[in-house]
Amino acid sequence: MKSDYLFTSESVSEGHPDKVCDRISDAIVDAYLGADPLSRVAVETLTTTNRIVIAGEVRGPSTIDQAAIEKIARGAVKDIGYEQDGFHWKDADVSCHVHNQSTDIAQGVDSAQDKDEGAGDQGIMFGYACQETEVLMPAPIHYSHRILENLAAARHRGDAIGLGPDSKSQITLQYRDGKPVGATSIVVSTQHAEELSQDDVRELVRPYVVASIPDGWMCSDREFYVNPTGRFVIGGPDGDAGLTGRKIIVDTYGGAAPHGGGAFSGKDPTKVDRSAAYVSRYLAKNIVAAGFSEKCTIQLAYAIGVAKPLSIYVDTHGTGTVSEKALEGALGKVIDLSPRGIREHLELSRPIYERTAAYGHFGRTPDVDGGFTWEKTDLVKALKSELS
């Protein structure tokens, strides 16, 4: 393995056009699960200049009609902070094209007398964990998220007057002996008011960047890029169309680990694109937390309508203290990896998804109401017992 190298990851804010779409789609998922935990939802959103288009398939309470979905979409946009001429929560045209779930898909997923609940689709899902940060996430994506979270919090508090909702960050870290030691470059592009110059924005952003990374990690001033084009007044869906599920690397590990290709947002937990990716992270994190490796990649594979995973793969990247074969054998014993087993173990059939739509689905703090259960390390004891 390389020991001395540069690695870069990016993040995008809650106001990025694609993240606006993820937020709306997940808010709709939450509405359905809040009304009926067994709802089925697969919803996509598109945004552009003062227009929001929602499409997808659902099976759930009829009380969540087109008017309710439109209200949910406007509420999400308002909370993000869009009140601009080109994209306004109140003025945008909202069109809804949501219909009933296909019966052909439903019959494969539904449990019956002679079959367990099957996976909502075929696919491969990956999970990853490493010791680079306290939350066992790769450092570049972790600090990219923190920069934008801190900027967004300041904007919502009114401490960063002149900054808009749309922003992006990117950080390049220097690794020595396989460990991150500092940033060699940092890029922040943020929407701003007309009257602010590039230098104004740079000095407004700088303290939040410095506060978001470890002491001594700040790059040189010549490698600190803020709004490199010089101007970013037109932003959000007015500047670029957005789509649900288009930031899957931002949502996961910033390119430091493989990705199966399936997006998360807009999907209920019977869709293994979401639930199996969550449990893969959960397993990888618990393996690292238990001290069985310094880093760990896990892959799970499923077939539509089939309950059991088709394969379980573990890679500890040469850092394992037990064999990967032993780990693969243990995982299916400490947790039921069927779609139903994952959903019940992680308590996923709850309205906990809107909060996942920005700043990553992983590396977050578990919430008291059940959000981010896949970030817990409560499987450590069972793993140690199984592998003792």
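Q: What makes threonine 48 count as partly exposed?
A: Its relative accessible area is 27%. Buried means under 20%, exposed over 50%, and partly exposed is in between, with a 1.4 Å probe and protein chains only. Threonine 48 therefore falls in the middle class. As a word on sources, this is a predicted model, where local features need pLDDT of at least 70, side-chain atom pairs count only at pLDDT 80 or more, and totals for chains, interfaces and linings use all residues. Residues are numbered from 1 along each chain as its sequence is written, and side-chain values use heavy atoms, with hydrogens and water left out.

Q: Where is threonine 48 placed, and which residues is threonine 48 in contact with, leaving aside neighbours within four places in sequence?
A: Threonine 48 belongs to strand β2 (residues 40-48); helices (H or I, at least four residues) and strands (E, at least two) are DSSP runs, numbered from the N terminus. Beyond those neighbours, threonine 48 is in contact with Phe87, Pro237 and Ala241, contact meaning heavy atoms within 4.5 Å.

Q: Why is threonine 252 called buried?
A: Its relative accessible area is 4%. Because the limit for buried is under 20%, threonine 252 qualifies. Threonine 252 sits in the loop between α6 (248-251) and α7. Not counting residues up to four places away in sequence, threonine 252 touches Met137, Ile141, His259, Phe264 and Phe362.

Q: How do you know that a polar atom of the side chain of threonine 252 makes a polar contact with the backbone oxygen of isoleucine 248?
A: The two atoms lie 2.8 Å apart. A polar contact is a pair of N or O atoms within 3.5 Å; within protein, one must be able to donate a hydrogen and the other to accept it, and residues adjacent in sequence count only if both atoms are side-chain atoms. The distance is therefore within the cut-off.

Q: How do you know that β8 and β9 pair?
A: Strand β8 (residues 163-176) and β9 share 11 bridges in the antiparallel sense. Two strands pair if DSSP finds at least two bridges between them, so this count passes. Lysine 168 stands opposite serine 189 in β9, and leucine 173 opposite alanine 183. Their hairpin has 2 residues between the strands, and aspartate 177 takes a positive phi near 55° there.

Q: What makes β9 and β10 a pair as well?
A: β9 and strand β10 (residues 224-226) have 3 bridges in the parallel sense, and at least two are needed. Phenylalanine 224 is the bridge partner of isoleucine 186.

Q: Why is one side of β1 and of β10 left without a neighbour in the sheet?
A: The open sheet has 4 strands in the order β1-β8-β9-β10, with mixed pairing. β1 (5-12) and β10 stand at the edges, each with a single partner strand, so one side of each has no neighbour there.

Q: Why do the buried residues of α10 line one face of the helix?
A: The buried residues of helix α10 (residues 380-387) are Val380, Leu383 and Leu387. Seen down the axis, they fall within an arc of 65°, so they line one face; the arc is that of the directions from the helix axis to the C-beta atoms. These buried residues pack against α7 (272-289) and α8 (324-334). Exposed Lys381 and Ser385 are carried on the face turned away from the buried side.
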